[in-house]
Amino acid sequence: MASIKTPITELDFDSIKTQLRTYLRTQTQFKDYNFEGSNLSVMLDVLAFNSFQNNFYTNMALNEMFLDSAVLKNSIVSHAKELNYIPRSRKSAKAVVQVTISTVDETASTIAIPTYTNFSSSYQGELYNFVTNQTYVARRTAPNVYVADNVELFEGQMLSSFTREGFIVDADGILRVQLTNNEVDTDSIVVFVDAEATEDQNVFTRANTIFGVKPDDKVFYLEPYLDDRYAIYFGKNEFGLQPEEFEDVRVRYRICSGAEPNGANTFASNFIEGATISVLTISAASGGAERESMESIRYFAPKALQIQERAVTTKDYEVLLQQAFPEITAVSAYGGEELDPPQFGKVAISVYLNEQTQIISTTLANSYVEYLKDKSPLGIEPIFVQTKFVYADMEVDAVYSSKNTEKSAAQLEQIIRTTIQTYSDDNLENFNTTLRKSKLSSLIDQSDDGIQSNSITLMPIIEYVPLLNFVQNPTFKFEAELLKPYPFRSSNGFSDYKPAFKTSSFDVDGACLYLQDDGLGKVMSVTDDPTNPQVINPNVGTINYKTGEIKLTNFITEGFTGNAIKIMARVKKSDFRAPNGRVFIIRDNDVRVNMTLEERGATTTSSSTA
């Protein structure tokens, strides 16, 4: 009888042992052998363990060979390096302040704030150090008083003035300097070659590409190294000047705490002995971030190779910004021709950080634009546009049963609100997102056994903050088909009329008004009188029911209720997609929940608004 071959195809220990036992039983000499109670069982354990170990090692080794399947960060970084992608290091939080120096018997017209001047900040029980990254000049504004505006402070400690780092020369003659600290902010690296410790001479600056670099240019390049560290190398006298082996290479950089100091807004310093130094915060510390995660490297490395540090399409702008500025949650880039009024030859950039930071400071916006300028095509100018938002006026009618839960109506309502906010966090709060009512309704049903059913009524909201007592012609685009009502007639009144859109109230000439459409494509102003509303002006604008575009003509107001005038629309489809350039957010105070108790055919309804 021919021997049966036994390929080891299984991966776990028990299956491998079973395969080995099955094979031995096919052999004549082991036909009636008791494998369970014999010494051969021990040998099978050894063989199975050895096969299992080899299988595991081979499987893991093969996994680490590919970017998609690698699980070790060093392997992922190595694959990213092949794509010319540099994983993001820790980033220092940056604050912008105004420094006022009060001295005695000072006659100079200016006082210098040196590079790397230290400032301290206490935030959430921790003490952080901030430093300047350049020299600032404080100018005299009054006798013995000097002021420096827009001083940028970066969190972290400078790793001494000059730090000797170990360096190696590869077999191919390339000099590499390995940075020993993995908390470095790579944006702060400065390299000095053969310079005295007290002099800032012979400075080499960082180059990101070899394009346009000449053999005698003083540049260095950065590449990822093991264990979240980085290495510096030079151009080998082909794409940059190569230091000689006997020349001393020194590196200065800043180590930081990442995201922890974000929000710090009080600073102090005593860099001038005998002077009183006060620091006024213009912009609190922000932008600090931890080093890039493995999943982020896995996602961005192939895209970085695709765009080659150049922004051509709108997606290129978005990838570049999110890669360079980790505080950005979402980016929207679109052509300037879509602005109102159009700005041809420009690309508009809007960014979203978080729900708490809806207005981006001028300093931060300028840094985004400056970063993109040398990456944009010739003749295309990137400009920053403050992010716009769309909100949701939402009413939830929920039916619950006391048979399936011991929770009260108030507790179930809170569960519903939490579910809605979780849905917003996970699926919205970004550009080009869609609110799907059926999915949200299903999540509400599943949130507790006591909830029997629910229905959702949704009206998207665009908020408008007009200049008071100033004539304007604003346009609002919902980019969705609206529910066109029947034509409004004064004889029928307002009680049963459901307009396609309606605004919150505002004041004009001492009267409280709101706007709505008339079913014929025009916008009319109406007195905000619950008992007897009256049409004041039947034509103050137009509405396109197909596109959801509302245009107002010669709009003026003396004041309005709340922080903005709300424009609420009734859309035709159940799902609503955020208009271009707007972030979709569901706010809890825009949600109303009506709880109905279902008990043996009887119902009791309670409603609540946050």
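At what angle do helix α5 (residues 314-324) and helix α6 (residues 362-373) pack? The first legend answers this, after two notes on the model.

This is a predicted model, in which local features need pLDDT of at least 70 and side-chain atom pairs count only at pLDDT 80 or more, while totals for chains, interfaces and linings use all residues. Residues are numbered from 1 along each chain as its sequence is written, and side-chain values use heavy atoms, with hydrogens and water left out.

**View 1. Packing of helices α5 and α6.** The angle between α5 and α6 is about 120 degrees, and their axes lie 11 Å apart. Axes are lines fitted to C-alpha atoms, for helices over the stretch in contact, and angles run from 0 to 180 degrees between N-to-C directions. Helices (H or I, at least four residues) and strands (E, at least two) are DSSP runs, numbered from the N terminus. The two helices α5 and α6 are therefore oblique to each other; angles under 35 degrees count as roughly parallel, over 145 as roughly antiparallel, 65 to 115 as roughly perpendicular and the rest as oblique. The crossing of α5 and α6 is right-handed. A crossing has this hand if the near helix is turned clockwise from the far one by less than a right angle, and is left-handed if anticlockwise. Y317, L320, L321 and A324 of α5 meet Y368, Y371 and L372 of α6, where contact means heavy atoms within 4.5 Å. This contact has 7 nonpolar, no polar and no charged residues. Ala, Val, Leu, Ile, Met, Phe, Trp, Tyr, Cys and Pro count as nonpolar, Asp, Glu, Lys and Arg as charged, and the others, Gly among them, as polar.

**View 2. Packing of helices α1 and α2.** Helix α1 (residues 13-25) and helix α2 (residues 40-63) cross at roughly 125 degrees, and their axes come within 9 Å. Accordingly, α1 and α2 are oblique to each other, with a right-handed crossing. From α1, the contact is made by F13, I16, K17, L20, R21 and L24; the residues of α2 that take part include L40, L44, L47, F49 and F52. The contact of α1 with α2 divides into 10 nonpolar, 3 polar and 3 charged residues.

**View 3. Packing of helices α7 and α8.** Helix α7 (residues 409-427) packs with helix α8 (residues 437-446) at an angle of about 140 degrees, their axes being 9 Å apart. The pair α7 and α8 is therefore oblique, and the crossing is right-handed. I416, T419, I420, Y423 and N427 of α7 make the contact with K439, L440, L443 and I444 of α8. By class, the contact of α7 with α8 holds 6 nonpolar, 2 polar and 1 charged residues.

**View 4. The largest cavity.** The structure holds 2 cavities of 30 Å³ or more, and the largest cavity has a volume of about 120 Å³. Of the 16 residues that line the largest cavity, K73, V77, P87, D228 and Y230 are the closest to its centre. On a 1 Å grid over the protein atoms alone, a cavity is a set of points where a 1.4 Å probe fits but cannot get out, and a pocket is an open set with protein on both sides within 12 Å along at least five of seven lines; lining residues have an atom within 4 Å of a point. Grid points are joined across faces, edges and corners, and a volume is the space filled by probe spheres set on the points. Helix α3 (residues 73-82) gives the most to this lining, with 3 residues. The lining of the largest cavity divides into 6 nonpolar, 3 polar and 7 charged residues.

**View 5. The second largest cavity.** The volume of the second largest cavity is about 40 Å³. Among the residues that line the second largest cavity are Y464, F476, F501, T503 and L515. This lining has 9 nonpolar, 1 polar and no charged residues.
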